[in-house]
Structures are given as structure tokens and as C-alpha cells.
Amino acid sequence: VIEGAFTSKADAARIIRQDKMPANKSEQMIKNNYQALLYVAVGTCINLLLTCFGAYVLSRKGFRARHTIMFLISFTMFFGGGMIPTFLVVKGIGLYDNFWAMVLPNAVNTWNLIIMRNGMSEIPDSMEESARIDDANDFRIILPLSQATLAVMVLFYAVGHWNSWFNAMLYLRARPKYPLQLVLREILISNSVSSMTSGLPADTS
């Protein structure tokens with residue numbers, strides 16, 4: 001099928017779009033690697049901050065609406081808006097081709113929020129009462145006791161941001177903003193197309 005779609009190697013080479021690749025690929029890949037690390041660092045910090053605050057509120061036994069809010073949050077795990085509505089929202093609020101388009105749309109992961117909430121719910125009330133007696137706030141006792149869960153959250157969020165190339169393909173247009181993963185994907189696709197079209201007859205025209 002692919003061989004029938006082209007009449008020569010020159011025609012096949014046009015779809016590879018090598019002309020759009022930067023001249024100094026190594027320098028560009030270093031910049032893309034820096035962008036990927038920046039997305040990981042900023043995104044993970046925002047994820048942890050919002051996940052911790054959300055899990056803390058939902059783990060409080062005195063918060064009466066916690067079950068209703070938890071149901072609404074869990075509902076999004078089974079029914080989502082879809083790719084096109086999400087793209088329209090991101091573009092509508094001015095995040096298209098913006099750094100924050102890689103961070104804010106996935107600021108909180110529902111599954112990670114549930115894990116964090118359950119971990120904070122397991123902390124005995126007596127520990128919190130002892131902290132209040134010593135004139136300490138809840139976070140000074142809850143966060144140290146949740147270090148294992150926080151470490152897992154850092155791992156989950158960091159790996160998720162590092163492997164995220166699909167959001168970059170949807171929301172980013174400028175090549176300097178691409179993460180390294182998207183650039184590597186383009187190289188793999190380019191090499192695959194080149195290998196498939198290498199046996200086509202030469203252009204005699």
C-alpha cells in the first residue's frame with residue numbers, strides 16, 4: 001500500500017519533512033531535554049501541592065461533604081469529556097502552545113488523589129490531637145507520617161510527565177517547546193518511513 005502511494009523516492013522524502021528539522025539536531029535535542037525536565041519539575045510540584053491539599057480536606061472526618069465530593073471526583077475516572085472537548089477548553093482559556101498546557105490540564109490525577117486520601121485517613125486521630133496540644137498544626141504531623149505515600153506520588157507524577165508526549169503533540173506547536181519524548185517519536189517515525197520507502201524505484205524524471 002505504501003509503495004503504491006508514491007511514484008519515486010523523491011515523493012516519499014517529501015512526507016518525511018526533513019526540511020523542518022533544525023540544522024543542529026544535537027543542540028535542539030539538548031533544549032528539548034531541558035524542556036522535558038522543566039515540565040517534570042514544575043508539573044510534579046504542582047501535582048503534589050494540589051494532591052496533598054485535596055487529600056487532606058477529603059480525609060477530614062469532620063468535613064460532611066467529603067463523600068459527595070469524592071463521588072464526583074471518582075466519577076471522572078469512568079466518564080470523561082474526551083480529547084476534543086479537552087482540547088477546545090485548553091485552547092479557549094489561552095493555554096494552546098503555552099508552557100502551562102503541559103502542566104495544568106493534568107494537575108491532579110484522580111487515582112493518586114484517592115491513594116493520598118486513604119493514606120492520610122489511616123493516621124490516628126490521637127496523633128493529630130497530640131500535635132494540637134503541642135501547639136502544632138495538622139500538617140506538621142500529617143506530612144511526616146505520609147512520607148512513604150508522598151514518595152510514591154513523586155514517582156507516579158514524575159514518570160507520567162516524563163513519558164508525556166501525546167499532550168505535547170496536541171497542545172504545542174512551536175518546536176522549541178517540544179519535550180524530548182516528542183522529538184524522539186518524530187525521529188522514530190521518520191526512520192520507519194525512510195526504511196519502508198528505501199526500496200522504491202529512483203526518480204527518472
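Glu-186 and Arg-175 form a salt bridge, with their closest N and O atoms 2.8 Å apart. Glu-186 sits in helix α11 and Arg-175 in the loop between α10 and α11, so the pair ties together parts eleven residues apart in sequence. The model is predicted. It holds two salt bridges.

**Salt bridges**
- Glu-186 counts as partly exposed, at 24% relative accessibility.
- The other pair is Lys-177 with Asp-97, whose closest N and O atoms are 4.0 Å apart.
- Lys-177 lies in the loop between α10 and α11 (180–197), and Asp-97 in the loop between α5 (83–92) and α6 (110–121), so this bridge ties together parts that are 80 residues apart in sequence.
- Lys-177 is partly exposed, with a relative accessible area of 28%.
- Asp-97 is also partly exposed, at 22% relative accessibility.

**Contacts of Leu-170**
- Leu-170 belongs to helix α10 (residues 166–171).
- Leaving aside residues up to four places away in sequence, Leu-170 touches Met-83, Phe-87 and Tyr-96.
- Leu-170 and Ile-84 are 86 residues apart along the chain, and 9.9 Å separates their C-alpha atoms.

**Nonpolar surface patch**
- Phe-71, Leu-72, Phe-75, Met-77, Phe-78, Phe-79 and Trp-111 make a nonpolar surface patch of about 840 Å².
- Helix α4 (residues 66–78) gives the most to this patch, with five residues.
- Leu-72 lies in helix α4.
- Leu-72 counts as exposed because its relative accessibility is 53%, and the cut-off for exposed is over 50%.

Definitions and conventions:
Residues numbered from 1 in each chain as written. Predicted model: local features only at pLDDT ≥ 70, side-chain atom pairs only at ≥ 80, totals over all residues. Heavy atoms only, no water. Patch = residues over 30% accessible without salt bridge, like charges linked within 9 Å, V, L, I, M, F, W, Y side chains within 5 Å. Areas by Shrake-Rupley, 256 points an atom, 1.4 Å probe, with all protein chains shown as cover. Salt bridge = Lys/Arg side-chain N within 4 Å of Asp/Glu carboxyl O. Helix = DSSP H or I, 4+ residues; strand = E, 2+ residues; numbered from the N terminus. Buried < 20%, exposed > 50% of the residue type's maximum accessible area, 1.4 Å probe, protein only. Contact = heavy atoms within 4.5 Å.
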